[in-house]
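Please look through the structure below before reading on.

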Amino acid sequence: MPRLVTISRFLISVAFVLCGAMGASAQDRRQNAPGEFDFYVLSLSWSPSFCEAASERGNNSRGTQAQCGGRPYSFVVHGLWPQYERGFPEYCQRPSPRLARNIMTSMLDLMPAPGLIYNEWDKHGTCSGLGERAYFEAIRKARAAVKIPEEFLQLTEPKTIAPDELETAFIKANPGLSNSAISVTCDSKRLSEVRICLSKDLQFRSCEEIDRRACRRDQVLMPPVRGG
């Protein structure tokens, strides 16, 4: 009897190994293959939260200075990220093709830190299957497809808001956007980002996994736009 138990356990172990290998193989067939993904996430960062957190950490890097200096930013583009239905690709070309400086400077109105733009190209742009110019044009089109609710454009006082209320404001301002296509992220107290899921042709679409990673706090703080 003990021998039968040992054999059974061995067979079960082999089965698990084989299943794991098959699962890995199925995923690896397109893992980090440029252009092989299901949808995009447009990530919009609440700049005042980023700047306040950076100040608390004593982060005075050039990138932080560029974003947190004189100009009062509200929502800025963090990135446009290719996604799988589960998980995501990253760094799909190593080394990545060097991003032309003139393309970087052309994006500073939406993404106000050169280091951020270069990093987004290396980490996410190379997975899009697009050339550098086409990828950043896609970012601009994606951002243009999303209307920021008026009440957040020039926020002059700190605002405490429920994540659901923030989502509702975006849904109201963007016909066709549903609560299954948007999620809010936060740190321990502040709003971090609003993430909106888009198809490859930049139409709103649902994304269950992104929604599952949303902020679970009842309320988040939105620090005011700098200078407010």
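## Overall fold

In this predicted model, the secondary structure of the protein comes to eight helices and six strands, and along the sequence these elements follow the pattern α-β-α-α-β-α-α-α-β-α-β-β-α-β. Of the 228 residues in the protein, 41% are buried. The accessible surface comes to about 12400 Å², and carbon and sulfur atoms account for 52% of that surface.

How much of the contact in the protein, counting separations of 6 or more, is between residues 24 or more positions apart? Such pairs make up 77% of those contacts.

## The sheet and the helices across it

Four strands form an open sheet, in which the order is β2-β1-β5-β4 and the pairing is antiparallel. The edges of this sheet are β2 and β4, each of which pairs on one side only, and from one strand to the next the twist averages 20 degrees. Between β1 and β2, which run antiparallel, there are eight bridges, and W46 stands opposite F75 in β2.

## Two helices with buried residues

Helix α7, which spans residues 163-173, has the buried residues P163, L166, E167, A169 and F170. Seen down the axis of α7, these buried residues fall within an arc of 155 degrees, so they line one face of the helix. On the face of α7 turned away from the buried side are the exposed residues D164 and K172, whereas the cover over its buried residues includes β1, β2, β3, β4, β5 and β6.

Helix α5, residues 114-123, has the buried residues L116, I117, Y118, E120 and W121. The buried residues of α5 pack against β2, α4 and α6.

In soluble globular proteins, nonpolar side chains tend to be buried together. The largest nonpolar core here has 46 residues, and those with the most contacts inside it are F75, F136, F152 and F170. Helix α6 gives the largest share of this core, five residues. A second, separate core has six residues, among them F39, W81, C197 and I210.

## Two residues compared with the cut-offs

Is S47 buried or exposed? S47 has its place in helix α2, residues 47-57, and it counts as buried because its relative accessible area is 1%, while the cut-off for buried is under 20%. Apart from residues up to four places away in sequence, S47 touches Q67, Y73, S74 and V76.

T156 lies in the loop between α6 and β3. Its relative accessibility is 47%, so T156 counts as partly exposed, a class that falls between the cut-offs of 20% and 50%. T156 and P224 are 68 residues apart in sequence, and the distance between them in space, C-alpha to C-alpha, is 5.1 Å.

Terms used. Residues numbered from 1 in each chain as written. Predicted model: local features only at pLDDT ≥ 70, side-chain atom pairs only at ≥ 80, totals over all residues. Heavy atoms only, no water. Buried < 20%, exposed > 50% of the residue type's maximum accessible area, 1.4 Å probe, protein only. Contact = heavy atoms within 4.5 Å. Areas by Shrake-Rupley, 256 points an atom, 1.4 Å probe, with all protein chains shown as cover. Arc of directions from axis to C-beta. Core = buried A, V, L, I, M, F, W, Y, C linked by side-chain atoms within 4.5 Å. Pairing = 2+ DSSP bridges. Axes fitted to C-alpha atoms, helices over the stretch in contact; angles between N-to-C directions.
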